[in-house]
Protein chains: 2
Amino acid sequence: MIIIGEKINGSRKSVAKAIAERDAAFIQGLAKKQADAGAEWLDVHAGTTPDKEIDALGWLADTVQAATECKICLDSPNPAALAAVLPRLKQTPMINSISGEKKRLEGVMPLLRKNKSPVIMLAMDDAGIPKTADDRLFIVRAMMMKMRENDVEDDRVYIDPLAIALATDTNAGKLALSTIKMIHYEFPDVHIVSGLSNVSYGLPARTLINQAFITLAMEAGMDSAIMDPLDTALFSATLAAEVVLGKDRFCRSYNTAFRAGRLLTSK
Amino acid sequence: MIIIGEKINGSRKSVAKAIAERDAAFIQGLAKKQADAGAEWLDVHAGTTPDKEIDALGWLADTVQAATECKICLDSPNPAALAAVLPRLKQTPMINSISGEKKRLEGVMPLLRKNKSPVIMLAMDDAGIPKTADDRLFIVRAMMMKMRENDVEDDRVYIDPLAIALATDTNAGKLALSTIKMIHYEFPDVHIVSGLSNVSYGLPARTLINQAFITLAMEAGMDSAIMDPLDTALFSATLAAEVVLGKDRFCRSYNTAFRAGRLLTSK
């Protein structure tokens, strides 16, 4: 499981404050904690107004890469901000995100051609998030064609099937799972990634729903997640799922995590 | 999810003691707790020497049916004990279990013909537990043919794919899951049931493994489990899985369980 740490996000109050005050120690603390907890990538999202975004995102990236060896996932809907910050990075960053939305796709494509950046691709376009797995796959196919035309290799692409809230649509989980299966079947070399908070939005005991979803999504073909690696329940669920799915040889990672006190053992 | 409560089992020390002392209050306490926690069936297993089994199993069945409305799952490898106790029951019991083992199958078949008992069928025969999903299915097919010849309807059959310990075989989970999928595909009307303790045997933080397994097994087609309905973590995982798999309309059961304080909310 490839973990993209989600905590350095300017839409969170404490992070917004740290960005406003350029509090490097706070940001670096979040970076180190997530790195120690097993994050391979660290998402950085400025969450500021567009006029301040380049400065803030650049500062975040500099601050994070000074503190950890983790690779950075540059999170912005704004291609200009991505283009401005990208050259400051020591290691090739992941770009979060593109979608079938024309402006966004065309703005980011030159960056993808120039750099060997992996990229997160949302299964939606200018008409919004499609209601069926077929329609999402239709968008994914069109975007993948564009990627291949532009020499973006399949394994640089992380597709997010966009799970929506189960509280508003009972079928949202089934829809996300079948979208994952279809993408995985048709594009076996692309990564499938998911943010996990939407699916449980509006339900109680959200961790239980997130655990069930990540377990089932991993079986369907998801291999990466934008998540909080410090969420012990969720982290434990990913390791347990890998054991049951036969992906953890001799249960080594699971046993190691247990000995390190990193598994939830409330029961 | 059909829950078969596992707690009244003479291989547990406290239950063995209660059976030896004919301590009805203790057994009825276990029965009521499991019934309140959502068990539809209550497994009763005497766990005594064969010469005492009929008496003990009969007493257990009488004691349990005097205390709850739950149906009883008569658990014995001994057809004679099953035949002796069956007529004492007010509601048609489930029989646990038959397998491809000749003696067991032939001993129980007359009971299945006479009664409308559901029956648990283990995917093994006189040669033991097969190592591949194909070989297990081969046994299941032969047994299902026999069931149909004897007018045992498909939906009276609960097949246990016999998950073995992941700690001794990394592929045990994948094997169990594909066996479940194959059975579910070929016999869509049979139930698929699993005991959950074997799969996590020998691993730390076993609940995590059981949670992951039950979640994935439900997606594969398992619809019932021999489990402890008082295990909050496991019970919560089944409800969360039903939500994510779109089987809990408007998340009603999940929300109800939350309001009743029955969901694990450690985080």
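The model is a predicted one. Chain A is built from eleven helices and eight strands. Its radius of gyration is 18 Å, close to the 18 Å that the globule rule gives for 267 residues, so chain A is as compact as a globular protein of that length. Along the principal axes, the C-alpha trace of chain A spans about 50 × 45 × 35 Å. Of the 267 residues in chain A, 57% count as buried. The accessible surface of the chain comes to about 11300 Å², and carbon and sulfur atoms account for 52% of that area.

Strand 5 has a parallel partner in strand 4 (residues 94-100), with five bridges between the two. Within this pairing, A:Ile98 sits opposite A:Met121 of strand 5. Strand 5 also pairs with strand 6 (residues 157-160), again in the parallel sense, over four bridges. Here A:Leu122 has A:Asp160 of strand 6 as its bridge partner. Between these two strands comes helix 6 (residues 133-149), and strand 5, helix 6 and strand 6 of chain A together make a right-handed β-α-β unit. As a rule, side chains in a regular strand alternate between the two faces of the sheet.

Next comes the nonpolar interior. The largest nonpolar core holds 168 residues, and the members that touch the most others are A:Leu74, A:Met147, A:Tyr254, B:Leu74, B:Met147 and B:Tyr254. A:Leu74 belongs to strand 3 (residues 71-75) of chain A. With a relative accessibility of 0%, under the 20% cut-off, A:Leu74 counts as buried. A:Val44 is 30 residues away from A:Leu74 in sequence, yet their C-alpha atoms are 5.5 Å apart in space. Over in chain B, B:Met147 touches B:Ile98, B:Leu105, B:Met109, B:Leu112, B:Met121, B:Val152 and B:Val157, not counting residues up to four places away in sequence.

A few backbone details deserve a look. Most residues other than glycine have a negative phi, and most peptide bonds are trans. The bond from A:Asn96 to A:Ser97, however, is cis, with omega near 15°, and A:Ser97 lies in strand 4 of chain A. Chain B has a cis peptide bond between B:Asn96 and B:Ser97, with omega about 15°; B:Ser97 is part of strand 4 (residues 94-99) of that chain.

Two residues of chain A stand out by phi. A:Leu162, which is not a glycine, has a positive phi near 65° and lies in the loop between strand 6 and helix 7 (172-186). This residue is buried, with a relative accessible area of 12%. A:Phe250 also has a positive phi, about 55°, without being a glycine, and is found in the loop between helix 10 (232-244) and helix 11 (252-259). At 52% relative accessibility, A:Phe250 counts as exposed.

Note on methods:
Residues numbered from 1 in each chain as written. Chains lettered and ligands numbered in written order. Predicted model: local features only at pLDDT ≥ 70, side-chain atom pairs only at ≥ 80, totals over all residues. Heavy atoms only, no water. Pairing = 2+ DSSP bridges. Right-handed = clockwise from strand over helix to strand, strands pointing away. Core = buried A, V, L, I, M, F, W, Y, C linked by side-chain atoms within 4.5 Å. Buried < 20%, exposed > 50% of the residue type's maximum accessible area, 1.4 Å probe, protein only. Contact = heavy atoms within 4.5 Å. Rg over C-alpha atoms; globule rule 2.2 N^0.38 Å. Areas by Shrake-Rupley, 256 points an atom, 1.4 Å probe, with all protein chains shown as cover.
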